[in-house]
Amino acid sequence: MNEKEYEFWPDKVAKELVRKWKVEKQVITTGTSISGEPHIGNAGDVIRGDAIYRAVKDLGKEAELIWISDNMDPFRSVPQDMPKDLENYLGMPASSIPDFWSCHESFTKHFEDIFLKQLESIFIKPKVLLGNEMYEKGMYNEVMKKAMEKRKEIAEILNKFRKNPLPEDWYPVEVICDNCGKIATTKILSYDEESCKVEYFCDPKEVLLHRKNPVQGCSNRGVKSILNGGGKLVWRVEWPARWVFLKTTCEPFGKEHAAAGGSWDVGKEIVKLLGWKPPYPIVYEHFLVNGEKMSKSRGNVITVSDMLQYMKPEHLRYWMFQGRLTIAKDINLKNMIPKLFNEFALAEKIYFGKESTGNKRKDKNYKRAYELAKVKIPEKNSLYIPFEKLEEIVKILPEENEIEFAIHKLREMQIIEKISEEEREEIII
């Protein structure tokens, strides 16, 4: 085996990016549709993107990690744990919904802040772009005009993956009704290329969102510019459109986008039409909770904050980086926590040359996963206490002098002899 076969996956991706993209800066973009409490699945592409970002930086190359809040998407359903009054905003851009908790300027800003704090808690600080601001500031303007100009060609691409072709009067842009504020109910009737204005109609016919939530337009007719926040590209065009002006070279995303005929198949063709090339795709499987798909309807949604109640940030990062991306990660705390703690300790020992699996490839994976997970590497390996032993001690802890009791028991178990002040702080009970 040659050295290339031993590359950990973020390093392999980083080298491929540098080889294929002759650019000054590798741009890794990620995005999340904000419609409620963000869960760990929402963080999946950002966490993996951070590993690639750091791997590129370790090659001595410029890199940028971007997170986009897709807050201009139509609000399609009210999460079970949210105020029922949110039904009044179905069909509107999510960013236009007020904050029902009165602590932020909008519903989406409320959850964007929560999500960014969760990312920061695991050492991730991406460049943040908010969808509504991107449109309002004109970041989409040029590519939106190009998409309207080439709408027939874009429709041909989309039709290759559709059972029923798009109507002749289809446009790749949606506009917000100036009367009712909805974006899901408007229909463009005509477009003037010179002024970039459209005539639209807010259709009163019932539209189903998420196949179950009916919304109706207000019958308003109007004329407005599609630029500077007046309009929004439909998702399958919006995704490749932003690759163009952000100069994206890599994007991690869930497997649903990579399904045959899905957003990725469409996007990688549309992006060429708009003046860029497809970024390097990082496709990953979704999360399971105790073997079942994570979903709000099942009541088994897990957040980054939930995970950090049971582990350190570096444990969570390590868990995310290790293993094949195409295999679902099952959050089964009873089984995963002991294994994760012990494996992380092994990875740290391998990193500091204190232990080896005897397999060069495994050792390199452990070492690199630890390095990317830890972010700030200590001067020496930490105090290692097998999780099972800690578990034994916790069961018999007295109400007072917990740490002293734990140290006494660890000495009895012959796990430690002497312990420094720094090591005392590492004992988590």
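In the predicted model, Asp-50 is in contact with Leu-65, Phe-123, Ile-124 and Arg-317, when its neighbours within four places in sequence are left aside. Asp-50 belongs to helix H2, which spans residues 40–58, and its relative accessibility of 2% places it among the buried residues, because that class is defined by a relative accessible area under 20%. The side chain of Asp-50 is also joined to the side chain of Arg-54 by a polar contact of 2.8 Å.

Although Phe-123 is not a glycine, its phi is positive, at about 70°, and with a relative accessibility of 33% the residue counts as partly exposed.

Leu-65, another contact of Asp-50, is the bridge partner in E2 of Ile-28. Strand E1 (residues 25–32) and E2 are paired in the parallel sense, with eight bridges between them. Seven of the eight residues of E2 are buried, so this strand is largely enclosed by the rest of the structure. The loop between strand E2 (62–69) and helix H3 (107–121) contains Asp-73, a buried residue with a relative accessible area of 12%. The side chains of Asp-73 and Ser-33 are joined by a polar contact of 3.2 Å. With residues up to four places away in sequence not counted, Asp-73 touches Met-92, Pro-93, Ala-94, Lys-232 and Glu-238 as well as Ser-33.

Elsewhere in the chain, an open sheet of three strands is arranged in the order E14-E13-E15, with mixed pairing. Strand E14 (292–293) and strand E15 (329–331) form the edges, and each has a single partner strand, so one side of each is left without a neighbour in the sheet. Strand E13 (residues 287–289) runs antiparallel to E14, to which it is joined by two bridges, and Leu-288 stands opposite Lys-293 in E14. Helix H10 lies across E13 and E15, and its direction makes an angle of about 145° with E15.

Helix H10 (residues 313–321) also packs against helix H11 (residues 333–351), with the axes 10 Å apart and at an angle of about 90°, which means that H10 is roughly perpendicular to H11. The residues that make this contact are Glu-314, His-315, Tyr-318 and Trp-319 on the side of H10, and Met-336, Leu-340, Phe-341, Glu-343, Phe-344 and Ala-347 on the side of H11. By residue class, the contact of H10 with H11 consists of seven nonpolar residues, one polar residue and two charged residues.

For the chain as a whole, the secondary structure amounts to 15 helices and 15 strands, and buried residues account for 50% of the 429 residues. Of the contacts between residues at least 6 apart in sequence, 68% join residues that are at least 24 apart.

Note on methods
Residues are numbered from 1 along each chain as its sequence is written. This is a predicted model: local features need pLDDT of at least 70, side-chain atom pairs count only at pLDDT 80 or more; totals for chains, interfaces and linings use all residues. Side-chain values use heavy atoms; hydrogens and water are left out. Helices (H or I, at least four residues) and strands (E, at least two) are DSSP runs, numbered from the N terminus. Buried means under 20% relative accessible area, exposed over 50%, partly exposed in between (1.4 Å probe, protein chains only). A polar contact is a pair of N or O atoms within 3.5 Å; within protein, one must be able to donate a hydrogen and the other to accept it, and residues adjacent in sequence count only if both atoms are side-chain atoms. Contact means heavy atoms within 4.5 Å. Axes are lines fitted to C-alpha atoms, for helices over the stretch in contact, and angles run from 0 to 180 degrees between N-to-C directions. Angles under 35 degrees count as roughly parallel, over 145 as roughly antiparallel, 65 to 115 as roughly perpendicular and the rest as oblique. Ala, Val, Leu, Ile, Met, Phe, Trp, Tyr, Cys and Pro count as nonpolar, Asp, Glu, Lys and Arg as charged, and the others, Gly among them, as polar. Two strands pair if DSSP finds at least two bridges between them.
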